[in-house]
Amino acid sequence: MFAYYLDLALRSLRRNKVFTVLMVVCVGLGIGASMTMITVVHVMSDDPLPERSGQLYYPHIDPWPAPHGRSTNPHASDNLTLPDAMNLLRAGRAPGQAAMSGAAISIHSEQPNAQPLLETGHYVTADFFSMFGVPFRAGGGWTHADDERHARVIALSSALNRMLFGDSPGIGRTVRVGDEDFRVIGVLDDWHPQPMFYADVNGRAFGRSDAFFLPLQTALDLKLDFRGSLSCHGDGGDDRTTDRCTWLQFWVKLENPKQVSAYMQFLADYWRQQQAHGRFPQSVDPKLYRLMDWLAYKNVVPGDVRLQLWLALGFLGVCMVDIVGLLLAKFLRRSNEISVRRALGARRGQVFLQFGIESAVIGVLGGVLGLAIAELGLWSVRQRPDGYAQLASMDVSMLMGTFLLAIGGSVLAGLLPAWRACRIAPAIQLKAH
Amino acid sequence: MEIRPIVSSLRRHKITAWLLIIEMALTCAIVCNAVFLISQRLDRMNIVSGVVEHELVEIKVADVGLHPDAKARVEADLAALRRIAGVTQVGVASQLPLGNSSSNNGIMLDPKQKMATINATMYQGQNLLQALGTQLVAGRNLGDGDYRDFDSVMKAAADGDPNDARMPKVVVLTQTMADRLWPGQSALGKQIYLGPVPITVVGVVAHLVRPNNFSLGSEYSMALPVRLTGEGDSSYVIRTAPSERQRALKVALAALKKLDPKRVVLQKRTWDEIRESYFQNDHAMAGLLVAVCVALLVVTALGIVGLASFWVAQRRRQIGVRRALGATRADILHYFQTENFLLATIGIAIGMVLAFGINLFLMKHYELPRLPVAYFPVGAVALWVIGQLAVLGPALRAAAVPPVVATRSV
């Protein structure tokens, strides 16, 4: 039966080629546009650390004298001041905690005449590596003692290691950062979490990766160059060491709800304790964001991209309404044929199935075209200069999703026309002719 | 044209008629909002920068390691750049208009204020306004005597005396900022406070756009007389004739390399490139929106063609009868045109409400302004035109149906 209906459907589609092509193109365009944008949003809102993100939290304590609205900088207090970061770090209330900041340095290998490389990376504290599960090809991170000693140590990405030392890891060798010698103690495996959640993510969270990591306190000591926003309130300049300038990111690892509530309590106590010293004038309101909530709070998926998704879905909606209308017109035009079939004994369900299959065939063809259009769309996204561009490609689940959307969509679109078609009475149509 | 027969015939095709109406309503609503979004982007992209856009070149170099003689090096660099033939001005910039990296400050009119009045961006660097070619509308530009060294300003700030002589004392700001701070008054001689530090306004420029953060006020910009000696993000700004830019850039790079072959060039570009890269996303978004509008209108038109063709085919007999009873070709043509106009009008009416709803949604989630009433007719006209164009083919085919069809049995 199914094969027969399929044959009928193909015959019917062949009979009116222009109409068929029109419908397939319509489904294809709608599906292609939506799948392009759904894929882009999907890859952008992916979990950067799937195994660990459930245990990673970002504490938010607001040292600003008054709430900041849209006329000032709404994200001014997302970062921590150096004294607060150091206090939280030394209190050590969580199983793991690290402070960090964006970094830019010029770096030389040992060779005397080598051109310096300008690289971006992060200044971090010891727990960074274990907390985020940073994989090392050789060596490893540093210890809390190294942090306190302001040790001159550095961990390199495998790419930077290759540029400086060739294929073998340069563990134990020295590189020159600014005017100081640093000992290489670790070489990372490929590690590029996207978005780069631990960075100061305002606006540019994608397409970056770090070439090196070195201890935060050492960087402060040597006055190396920092990257990222620095927001200050009150007076007395914008020195990084003051308790009025926020610029550090801070992450803690909390393994269970008990630890989470204990840490919340600790943050509230800290806030009150600071109020006793005349700081943190706003009412006590610490927050602890889970990694994925933090990314949502920071609007990691740009507004433009979300808007494009809505546009694509709106377009799909119009295409689908279009398909419903066209299928309805097509099916009702064949009222004669349906009447005859019904008069010859076909049941309503059979007529319904026949036209349902015809809609599904349009869906499959449209889905194939839509897939091609989506691949083309994603290719054009990859040509864009944005950081997220390189991520825009489909995985298997998105591929399946495209197909399901196309077939599901057109079967749904075919429901109403098929239902109308199967309600055509057997005799009346015959009588008219 | 009599409307009643059209309405009663549509009543018998309720579902198809409503589908067409819904499709046109959706298209109308999306097109209204999309056109509005496009115009917003175009407005943004056409922002007045206030600088001599086609005459500027930026070069940013980085020193490797610390240099105690930074001040002398910058002076030597500037002297070398000034000597280049065709270069009219050379300046140092802590940040550039539309450069997408900025230093911003809360501005207060009273040092005891708890919250800043506005947030303004702070341009610093020797001879910067002259190099950028901003247009002075009142007072004077920053002069040599006004400038303070960056590191001594930082030391003074750390010492905490707001009246320290090492602090800059004067500022030049934009007309927009002056009008916001002192509406209806002259800004010259007025004081602003950066934290506790009092600074006197000595000049007002017509325009100077921010490097980014337009939502804080795209022209809340000021220039402070601070002499930079290679700190952080600072770069050299060279002003020359538009046709000379590429040559000047090349010569300038060579001159800087000659002074110190070991340093690294981080940035070399014309200001036109800065503007282009700043608005890159807006450009792409506007293009995409245009494409979506076109695609929507095409799909809608195809839908109209499809349904109208179906109706025409279905009514061949009735058309034949009408023709046999004396209706002219024009009557038949007008029948289908009026029918489409009627459907389009209902669709547009619903579309307007929908457009308003979509706009409310966008206002809530994307900080867009309210859709001006002027945009509603855009969608309406687009739909009417598309509808009439799409129905023309099937309607002409209907008009061509000969009266003799009435006498045939099928």
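Mentor: The charged end of A:R240 sits over the ring of A:W247, 4.7 Å from the ring centre. That label applies when NZ of Lys or CZ of Arg is within 6 Å of the ring centre and within 35 degrees of the ring normal. This is a predicted model: local features need pLDDT of at least 70, side-chain atom pairs count only at pLDDT 80 or more, totals for chains, interfaces and linings use all residues, and side-chain values use heavy atoms, with hydrogens and water left out. Residues are numbered from 1 along each chain as its sequence is written, while chains are lettered from A and ligands numbered from 1 in the order in which they are written.

Now rings against rings. Over all chains, the structure holds 33 aromatic pairs. One of them joins A:F128 and A:F129: the ring centres are 5.4 Å apart and the planes stand at 80 degrees, so the pair is edge-to-face. The rule takes rings of Phe, Tyr and Trp (its six-membered ring) with centres within 6.5 Å; planes under 30 degrees apart are stacked, over 60 edge-to-face, and the rest tilted. A:F128 is buried, at 0% relative accessible area. A:F129 is buried as well, at 5%. Buried means under 20% relative accessible area, exposed over 50%, and partly exposed in between (1.4 Å probe, protein chains only). In chain B, B:Y278 and B:F279 also pair edge-to-face, 5.0 Å centre to centre with 85 degrees between the planes. Both B:Y278 and B:F279 are buried.

Next, the cysteines. There are zero disulfides over all chains; a disulfide would need a pair of cysteine sulfur atoms within 2.5 Å. For B:C28, the nearest cysteine sulfur is that of B:C32, 4.5 Å away. B:C28 is buried, at 0% relative accessibility. For B:C293, the nearest cysteine sulfur is again that of B:C32, here 9.5 Å away. B:C293 is buried too, at 9%.

Step out to the domains, whose bounds come from an automatic or database domain assignment. Chain A has domain 1 (2–45 + 302–432) and domain 2 (53–297). Their C-alpha centres are 50 Å apart. Five residues from domain 1 of chain A and five residues from domain 2 of chain A make the contact, which means heavy atoms within 4.5 Å. Together these two domains bury about 390 Å², 73% of it on carbon and sulfur atoms. Buried area is the accessible area (1.4 Å probe) that two parts lose on being put together, summed over both. On the domain 1 side of chain A, A:M44, A:G387 and A:L391 supply 72% of the buried area, more than any other three residues. Zero salt bridges cross between the two domains of chain A. Chain B splits into domain 1 (4–46 + 281–407) and domain 2 (65–261). For chain B, the C-alpha centres of the two domains lie 55 Å apart.

Last, the interface between the chains. Here 48 residues of chain B are in contact with 49 residues of chain A. The two chains bury about 4,100 Å² between them, 72% of it on carbon and sulfur atoms. In chain B, B:V299, B:F310 and B:Y366 lose the most area to chain A, together 14% of what that side buries. One salt bridge is found across this interface. A:D304 forms a salt bridge with B:R41, with the closest N and O atoms 2.6 Å apart. The rule asks for a side-chain nitrogen of Lys or Arg within 4 Å of a carboxyl oxygen of Asp or Glu.
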